[in-house]
Amino acid sequence: MKTLTCSLRRLGAALAAAVLAVCLSLPAMASAPLVRDDYGLFDGDTLSALEADAEEAADGHDCDVYFLTVDSIGDEDQRAYAKNYYRDNDLGSGSDRSGILFMIALGSRKYVTITYGGGVTAFTDYRIEQIEDEVVPMLSDGDYADAAQTYIDLCADTLDFYAENGEPLDYDNDPDGDLGIFGILIVVGIPSLIAAIVCSILYAQMKTAKRKTEADDYIGAGLKLRVQRDHYTHTDRVEVYDPPHEESSSSGGSSVDSDGFGGSSGGSF
Amino acid sequence: MADKVTNYQCPACTGPLHFDSTTGKLVCDYCGSAYEVADIEAQYAQKQQKADAAAASDEKKAAARRAKAAGEDPVWSEAEASGLSSYSCTTCGAELVCDATTAATTCPYCGNPTVLGGKLSGKLKPEYILPFKMDKNAAIAQLTKYYKGKAFLPKAFKSQNHIAEIQGVYVPFWLFDAEADARGSYDGQVSESHREGDYRVTTTQHYDVRREGTATFARVPVDGSSKMPDEHMDSIEPFDYSELKPFSTAYLPGFLADRYDEDAKTCADRAKTRIENSTAEALRQTLSEYAVVDTREENINVRMKKAHYTLLPVWMLHTRWKEQDFLFAMNGQTGRLIGDLPVDKGRVAAWFARIALPLMAILIWLLYL
């Protein structure tokens, strides 16, 4: 009986310790920074302002928005470094660890964007390219705070767009987007084709003299058949391996690597 | 010397007669009297025969002169050298110079319709003639209508192409009767496709198909005049042969007429090709139940039977526009009109822009605004 009481006490203590550990860890998890200035680029006020904006951007979207500064990444590829960082630090929101991370390595002046989980869907290749096109020139000019702010604002717009429209911002639904080659082809090509068809019909009306190659008007009672034989000979059977496959969009959307990360391959600023 | 031409004159006032396509009678230009073709034909048969005989006699003499000249230095007249013939108008005495194939014309001085002797007689006499049904006014109206709705036609063309100069011409045609024997051997295939798991399975039933048959062709037309473009003459087909008449020169006054300069043998090849193509197509239409047909062997044997020399009615307008020739032809019986029109490139560009630019604006609005 004494042994049983002792065991129950130990179990109770262990459970209490576990509950305490979980309770203690929750504030730490909730306060995991979204703007991670490992390099020490920003002063306290700037960092706080950026952090507040990043939290606001991610709020309600179940997709965290990270901005990371590091010094050197050595010889490692910036994308591989960012992916490892994302995994090692358990970044992302929710069970599928959704998020977007923009990393700049000031030692090697490299940048990269990676997405994971729901972030892959929310941030299309088209949109990531747009964000980088806005942010990278600022990095090149040394306007790091403006670059970070712009990145967070664009991420906020992107997540809001996704929430409002139910589809990610892409080349075909971007209200501010350029035409792009595909768009130009549609806008110029289809009307030109229709105009060319109409003009060719009108042109054909201008040239009506044509040499005849048949004499159908003069065949009288038509062809009178005296032999009409249809003799079955054999049947061929051809099997072609053609497994059913899911439909995939021909363009747009997000590219994903074998590790499940989206984003860009990065570059230098 | 006997006259080589015949002017068909009104028995009442001796005014010139012309064939009126709407009434089918010969009508006097002056007093308006109308006569049945058969009546005038009977009156003028003897006169036309004399004109034909005189022309034949002249031709013999000319041939003798040429034969004689062949042994000496050639001293041919300019008219003979260029294949022209000269005639005297029996009404005003003016000299008519026509090319060798002209059979009926109008005197340029007195305006009288004139039928030339020797061009449509003997071996050159047509078997049939199809009289004009549409008169000049109808032809002009049809041509004016043809211009309408042609978006690319230069505006100035309509006013500058002398539409009133449209002329009725009896064009020499050979109408070929033929019988085509067709034999074909084919591999006919009927296929069905379905899915079995990850495989798409296609089964094809093969049939040994044989077809043999005969098609009879009646009066396939080929124009016998080298002056007439084949494309134009082909495109105004078909003619309604139920209105063919035995040939009579009484249908010619008021129109131009040519005799053939390409004989039946020369024209038969074109008719044969057309007949072969139509027969082959008719043979293939009997195989419509097969999705795929591979031809193993196909033979079309055309037996040309008879060629009927016939004059068919065509309204023609030749006009020039910016150094280019344009020819229009209209079936004088059905009114079917064809011809190549000049194209205003500026109008083509304007039409292209008028269609493409609004569509581009709509697409931009739909896709990006």
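These questions and answers walk through a predicted model.

Student: How many helices and strands does chain A have?
Tutor: From the N terminus on, the elements of chain A run α-β-α-β-α-β-β-α-α-α-α-β-β-β. Sorted by type, they come to seven helices and seven strands.

Student: What share of the contacts in chain A with a separation of 6 or more comes from residues 24 or more positions apart?
Tutor: Chain A has 269 residues, and 30% of them count as buried. Among its contacts with a separation of 6 or more, residues 24 or more positions apart account for 68%.

Student: Is Asp62(A) buried or partly exposed?
Tutor: Asp62(A) lies in the loop between helix H2 (44-58) and strand E2 (64-70) of chain A. Its phi is near 55°, a positive value in a residue other than glycine. A buried residue needs 20 or more C-beta neighbours within 10 Å. Asp62(A) has 19 inside 10 Å, so it counts as partly exposed.

Student: Which residue just after H3(B) takes a positive phi?
Tutor: Helix H3 of chain B covers residues 136-147. It reaches 17 Å from its first C-alpha to its last, close to the 16 Å expected. Just after the helix, a phi of about 80° belongs to Gly149(B).

Student: Which element gives the largest share of the side of chain B that touches chain A?
Tutor: In all, 61 residues of chain B are in contact with 53 residues of chain A. Several elements of chain B each supply at least two residues of that side, including strand E10 (167-196), helix H6 (264-285) and helix H7 (345-368). The side divides into 30 nonpolar, 16 polar and 15 charged residues. The largest share, 22 residues, comes from E11(B).

Student: What is the bridge partner of Arg229(A) in E11(B)?
Tutor: Strand E5 (residues 223-241) of chain A pairs with E11(B) in the antiparallel sense, over 17 bridges. In E11(B), the bridge partner of Arg229(A) is Arg210(B).

Terms used:
Residues numbered from 1 in each chain as written. Chains lettered and ligands numbered in written order. Predicted model: local features only at pLDDT ≥ 70, side-chain atom pairs only at ≥ 80, totals over all residues. Helix = DSSP H or I, 4+ residues; strand = E, 2+ residues; numbered from the N terminus. Buried ≥ 20, exposed ≤ 12 C-beta atoms within 10 Å, placed from the backbone. Expected span 1.5 Å × (residues − 1). Contact = placed C-beta atoms within 7 Å. Nonpolar A, V, L, I, M, F, W, Y, C, P; charged D, E, K, R; others polar. Pairing = 2+ DSSP bridges.
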